[in-house]
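Reader: I would like to learn how to read surface charges and salt bridges in a model. Please take me through some cases.

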Amino acid sequence: MAPYDMIVKVFKEHDRARRGVIDRSVLQKVMVGVGHENDEADCLLTSFVESKGGDPKLVHYEDFILWLLDDGLDLKSDLAPQERVRSVFLSYDPDGTGSVPVSTLRSVLQEIQPDQKEVDRVLEESMKLDSIVIGSEVKYDKWIGWMFKDSIIKGPMSYYAQPRGEILKVPRVLDVVEAEPAYSSIDEFREKHANEPHLLQQLRNRVRVCGRCSKPNAYTMKTCNNCSTSLAGIEESFNDNLFMGFIYGIAKGKFPYMVSTRRESPDMLAFDDPLGVGVAHMCVIPTNMFCPDLRYLFRDPVKGLKLVDDLMEFGRQAMLDQYWSHAGFRKKYWCDEEPPKSLEDMIELAGLGFNFPPSMFQLHLQFIHGPWFPFHEVMLRKGVHLQRDRFFPFEYVRAALALGDQARMDVDADTKIEDIVERIASLGVDYHTMHDSMLKKCERFSQRFDVWRPEDFEYKVTDGKVFSLRSGEHLETEQPKDIQNEDNLRMKNYDKNKCSYYKYIKSPGEVQMFPSSL
């Protein structure tokens, strides 16, 4: 298939109404996905609109491609590998149903792989994928995700860095009552409860601490999910469980146990994530119980379902009260849209879920409202954030728990998450399908809230090199990771100077092990 036809098919996939036009911002994203740099795509689109006239926001994409060819300009023919494969599938699926007959899979493989032995091998492996090959049909988006064994969201390793001017942040809009901590330090807590090993265990996390930025990462992580530094050679260790420290009113460990509270009640706490990756990133935790991680929810799926629903609703209300109520913030980051009216509307705008293993061993809902910060959006596209087989979308966990007693399991500290995923899949809820759906959702809200502009930043980082957005000069002395650490501090809403202790401090006897507390 000619490159022209391949790219037209990719564009058509985003033209659901089949009108021959695509919103300019969406078309620019598609161009980036097939190999263009973002700035290059923007310049080409601007030149096309100026030369042809018409609506600057809606682009006739076939005319645009022909204009590029007629003017002798560069048309990328080297599609990203997964898009090239997808274009082959689309040639066998002109109606865009998302499925092709199993018999077609060999034809597709022969077009993209000349080695017949490799075709046979991949075909044999593909037939084992029960969630992808269903009956006589192949779900090819899922097959492509499996084939490339990475995030289905792709993009170039390029992002804007070092924002210019002041960063718009949302001050906490709630009445904060200054609570007095119950313990002066974590050492005092340990001394007073030295003969209660179950309590001491609650205050420990199993982690690998990044040697560059000192972030505690889950012990299974290969790279730091804050600064992307390799964790190779970093030994497992234990650190203090801050979340349980908040709940028990411990004043400090290595630093004060204070939080940027967004909403609190006797049973729950929502607060800005100190290592936020997006414009509004909260954690939501229960405070009346100890539930180390999502596996324990399957001890009692009915109670587990109620708990995750309560966490979601508590976080949703905090997001509405704290962030959506701020007119300036809403205009800058959410295109001045009206606040989401329903739970479903809010779910569509956020990356929601639970990590396993977590970095803090108290169940916490990650509530990441888009848009993501530029560097972290690239990390999302590269599969570093919301990692497959580590991040469990809220939608998946909820669907699994909604199975009720069918999903009940005897869970302990040694239970493998893979066993839970396999059991739930046997009951009709497939993790990989729902994880793929969540990533596609993240791509949708990234396109919907496409707010990062080059004129708002000093630098562009491409493949580990820093370039000035003012002069285009390669700044060899600037280090991307140093810039990113500074950007993280400047851009996130969390402010350590405006934190407080949790108001509804619990004594150890008030915190029960899930599910006995419900």
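Reader: Is Lys192 buried or exposed?

Author: Buried means under 20% relative accessible area, exposed over 50%, and partly exposed in between (1.4 Å probe, protein chains only). Lys192 has a relative accessible area of 55%, so Lys192 is exposed. This is a predicted model, where local features need pLDDT of at least 70, side-chain atom pairs count only at pLDDT 80 or more, and totals for chains, interfaces and linings use all residues. Residues are numbered from 1 along each chain as its sequence is written, and side-chain values use heavy atoms, leaving out hydrogens and water.

Reader: Which side chain meets Lys192 in a salt bridge?

Author: A salt bridge is a side-chain nitrogen of Lys or Arg within 4 Å of a carboxyl oxygen of Asp or Glu. Here the partner of Lys192 is Glu188, at 3.0 Å from N to O. Both lie in helix α9 (residues 186–192), 4 residues apart, about one turn of the helix. Helices (H or I, at least four residues) and strands (E, at least two) are DSSP runs, numbered from the N terminus.

Reader: Which residue forms a salt bridge with Asp482?

Author: Arg212 does, with the closest N and O atoms 2.7 Å apart. This pair links distant parts of the chain, 270 residues apart: Asp482 is in helix α19 (residues 480–491), Arg212 in the loop between β7 (204–209) and β8 (216–218). Asp482 is partly exposed at 42%, and Arg212 is partly exposed at 38%.

Reader: How many salt bridges does the structure hold?

Author: The structure holds 18. One of them joins Arg408 and Asp405 (2.8 Å, N to O).
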